[in-house]
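I opened this model to look up a few points and wrote them down as I went. The entries follow the order in which I checked them.

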Amino acid sequence: MDFVNKLPPMDFLRSEEMTLVQLIIPVESAHRAVSYLGELGLLQFTDLNADKSPFQRTFVNQVKRCGEISRKLRFFKDQISKAGMVSPIHSSPQPDVDLEELEIQLSEHEHELIEMNANSEKLRQTYNELLEFKMVLQKAGGFLVSGQHHTVAQERELDENLYSRDNYADIPSFLEQETRLGPSNEAGLRFISGIICKSKALRFERMIFRATRGNMLFNQAPTEKYATDPMSVEMVEKIVFVVFFCVAGYQEANPAVYTVITFPFLFAVMFGDWGHGICLLLGAIILIACESRLGSRKLGSFMEMAFGGRYVILLMALFSIYCGLIYNEFFSVPYHIFGGSAYKCRDATCRDAHTAGLIKYRDPYPFGVDPSWRGSRSELPFLNSLKMKMSILLGVAQMNLGIILSYFNARFFGSSLDIWYQFVPQMIFLNSLFGYLSLLIVIKWCTGSQADLYHVMIYMFLSPTEDLGENQLFWGQKPLQMLLLLLAVVAVPWMLFPKPFILRKLHLERFQGRTYGILDTSDMDLDVEPDSARHHVDEFNFSEVFVHQMIHSIEFVLEAVSNTASYLRLWALSLAHSELSTVFYEKVLLLAWGFDSILIRLVGLAVFAFATAFILLMMETLSAFLHALRLHWVEFQNKFYHGDGYKFRPLSFASLPDDED
Amino acid sequence: MYGFEALTFNIHGGYLEAVVRGHRSSLLTASDYNNLCQCETLDDIKMHLSATEYGPYLQNEPSPLHTTTIVEKCTLKLVDEYKHMLCQATEPLSTFLEYITYGHMIDNVVLIVTGTLHERDVQELLEKCHPLGMFDSIASLAVAQNMRELYRLVLVDTPLAPYFSECITSEDLDDMNIEIMRNTLYKAYLEDFYKFCKKLGGATAEIMTDLLAFEADKRAVNITINSIGTELTRDDRKKLYSNFGLLYPYGHEELAVCEDVDQVRGALEKYPAYQSIFAKLSYGESQMLDKAFYEEEVKRLCLAFEQQFHYGVFFAYMRLREQEIRNLMWISECVAQNQKSRVHDSVVFIF
């Protein structure tokens, strides 16, 4: 056990290193060895006999006997819980439980228990019957007493019959019985009394009506609630949750390390309003402050998710405040926090403010968007241009990070093939096109040029040799564009062709000289090389590998364009958010405030509060959350993440009770 | 309008159709049956079944198993699934689902009446009844002496009431009459079901009318073969045939006059759809006829799943599950009686 404590802490970027071991255990000590390993709880067993039917496995009889034993234990557990007792839990495992003895003991106990159950059942039934007889005597006696003075002279036959309380009333016994007539020749009134379930009373009445063709009088009296129905059916609903999650492949880079920061940041880019950010921050702080109290309680599924993500929500809130300060929106109202605006009117009357515009007279506003932009006529074109360019920059940066992570993976697994024929051409292709676009964006911002970047990019492809004219941003742009185009064109066959051919050459070299194929034994192939294609199969299907590579490279090329454009959702959602909050502010709050009546103001305030809380805080949060998550899972992780691993589930007796729940 | 069910079916029926398709994918496959056929004892069967969907139903049964226990638990699973679907269904699907069980109700009624005639205990008979065909006051069937009483006392409240109009007589019940009563009721039930499906229209009507027509024809052939050599007159026999189906009306004319199996074969070979059934049997053989019919039925039922947005999948699933339970019963009986060579005589593979 000390060994386990001395292990170094887990590195978050890659999963723990695992070892595959093969245990050869003599049959007699198999049980003890496995139970010792189970108590240790550190080994996951793989099924080497997966293709065999249950009959052909070695220990099939023992498994059957264990199944029997576990059935008996389940039976006991049921009975114990029905009796209302709680079975004590032994915390320390018993040292060598002899299964043979246990089996015999358990079957004896089960036998006894079944007998006792049967006896107690019989007793209870007899008791119920007697109780019912008593009830019938009491109640029916009451009826007959009241009718006694009508039929004094007759001898009455009292047929007492007991109706069982099964689901289906047992009628035959009474209809078949003969009833004796009294000595007087009048046809005596026949009495039938008994007890029946209240719910069946109506049906019973109807049936007697039909059987006697209507010549009957039916009197009923309710009894007090008495003996319990021994057959109470308990329906235990087990709700099975299918939890869908993705597990990283063995030792590949874990994107969560980076996602922890980039995800809240991209969320904030779409959410950017520091007023809303403060509300989100308050929510997150409440969740964190009450975490000890809320953690032990059972929350609804929605609250549970929110509670589980309370730290992520905290980060999201902090980043939203940051972005909100940059966009300069506090519930869509700009503030002059960092000093005065850099723009002023041309003259004191501000007549030309909406026609010729303001002039810049100071250094630019130190942090964020200048508050003068809000409400101006060119607010949207300016902000749109800003946010779109920013989205492209963020997108290209994140995609580059993804490709670099794939480089780290390739280096870790020692696959130089992947580095030279996948990573390098991918970097070249992406950066010569979209990295260049990012460069143009930065240069345009820095120099304030009026060049049309759409035009530049499109004509870079359509007519690269044409003169750029007024779209020229820097000296030597045309030859640079032609060079980048050439590099991109070269990168495509570079990522498509060489890898399959080299893989085939490697495969032939590896298995050269072996005239017979390796026999497929059930043991694992022990000399495994971390090959980039990661297959242990002897056949190398060239066409399959080639098609796979072709699909992969075409996918990359096409996705380069579509993923970059996909990042524009950062712009789209932040525009939607700011427009929504502007509308609520101007058209609800300000409108209501314009009236003098306090009632209208209060109503306006209430509507504003509800709209902000439900639409902006809840719906927009969910929406930005979803889109930021999608950007990570598709655009970012497509570049490097395989996610084809499975979770480590060791055989551990300590965790079995949790498994059963 | 036929063809546009895709627009509206899922509003009310989408969840249940998904549920029933999920259940269908848990039907036992040929490899399961192969494994089961290799079992030596009933415990082995239980072990195999515990790896399938029947596991939770069988796992708590104590070790000396009986075949009746296995069949009972498997039927219980079917009943649970049916009840779940029924309580989630809206009209007209709920009526459709109830129609499926009327056949079992008729069988239960006949079982109790026959049993009472032979002086058996009512409780014992109740346990033998199929759980899907139970209704309240079924036990009071044991009282009735003739059909009129049967109807008046008990059946007038059940969904079987409208089927009685043709067969109420005042004769006492005996074996022959009971069989005739069963077949008359079943004929009325099939015709009612047929009309109901036709009224539903669309893909349901098309598929269900096909399946019900096959059912009606199958029953016609069975009635014919079973009544060869009995006192049943030709007219009586003809009255028991349903008034729809591929064999109506000309096939029925021919079947009514048949006196042995080969004549029946001759009558049916004129219909290409049924030719294949008789092709599997050699002349004079009639034991395998049941299995041949079941195979054909299973084929048609599986085809019902190929189309979406209709109620036929529910009917098909119930029938396929019943066939599977029949298979399991046959296999268990063969294993219990040590006659494993005869296992394949009656097992119809579904997939």
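Which helix gives the largest share of the nonpolar patch? I noted first that this is a predicted model. I then found that H19(A) gives the largest share, seven residues.

**Entry: the patch on chain A**

I listed the members of this nonpolar surface patch: A:Leu591, A:Trp593, A:Phe595, A:Ile598, A:Leu599, A:Ile600, A:Leu602, A:Val603, A:Leu605 and A:Val607. I have its area as about 980 Å². Two helices of chain A, H18 (569-594) and H19 (598-636), each supply at least two residues of the patch. I placed A:Leu591 in helix H18 of chain A.

**Entry: chain B against chain A**

I turned to the interface next. I found 27 residues of chain B in contact with 20 residues of chain A. The size of an interface is often given as the accessible area lost when the parts come together. For chain B and chain A I noted a buried area of about 2,100 Å², with 59% of it from carbon and sulfur atoms. On the chain B side, I found that B:Met47, B:Arg152 and B:Leu153 lose the most area to chain A, together 24% of what that side buries.

I then looked up the polar side of the interface. Four residue pairs are in polar contact across the interface of chain B and chain A. I sorted the chain B residues that touch chain A into 13 nonpolar, eight polar and six charged. The elements of chain B that give two or more residues to this side are helix H3 (42-49), helix H7 (122-128) and helix H8 (147-153). I noted that H3(B) gives the largest share, four residues.

**Entry: salt bridges**

How many salt bridges cross the interface of chain B and chain A? I found two. I wrote down the pair B:Asp44 and A:Lys64, whose closest N and O atoms are 2.6 Å apart.

Over all chains, the structure holds 34 salt bridges. I also looked up A:Glu100 and A:Arg65, whose side chains meet in a salt bridge at 3.3 Å, N to O. A:Glu100 lies in helix H4 (residues 99-147) of chain A and A:Arg65 in helix H3 (residues 60-82) of chain A, so this pair ties together parts that are 35 residues apart in sequence.

**Entry: backbone**

Where in chain B does B:Pro92 lie? I found B:Pro92 in the loop between helix H5 (67-88) and helix H6 (93-117) of chain B.

The bond from B:Tyr248 to B:Pro249 is cis, with omega near -10 degrees.

I placed A:Phe331 in the loop between helix H11 (310-327) and strand E3 (343-344) of chain A.

Methods:
Residues numbered from 1 in each chain as written. Chains lettered and ligands numbered in written order. Predicted model: local features only at pLDDT ≥ 70, side-chain atom pairs only at ≥ 80, totals over all residues. Heavy atoms only, no water. Contact = heavy atoms within 4.5 Å. Buried area = accessible area lost by both parts, 1.4 Å probe. Salt bridge = Lys/Arg side-chain N within 4 Å of Asp/Glu carboxyl O. Polar contact = N/O pair within 3.5 Å; in protein donor to acceptor, adjacent residues only side chain to side chain. Nonpolar A, V, L, I, M, F, W, Y, C, P; charged D, E, K, R; others polar. Patch = residues over 30% accessible without salt bridge, like charges linked within 9 Å, V, L, I, M, F, W, Y side chains within 5 Å. Areas by Shrake-Rupley, 256 points an atom, 1.4 Å probe, with all protein chains shown as cover.
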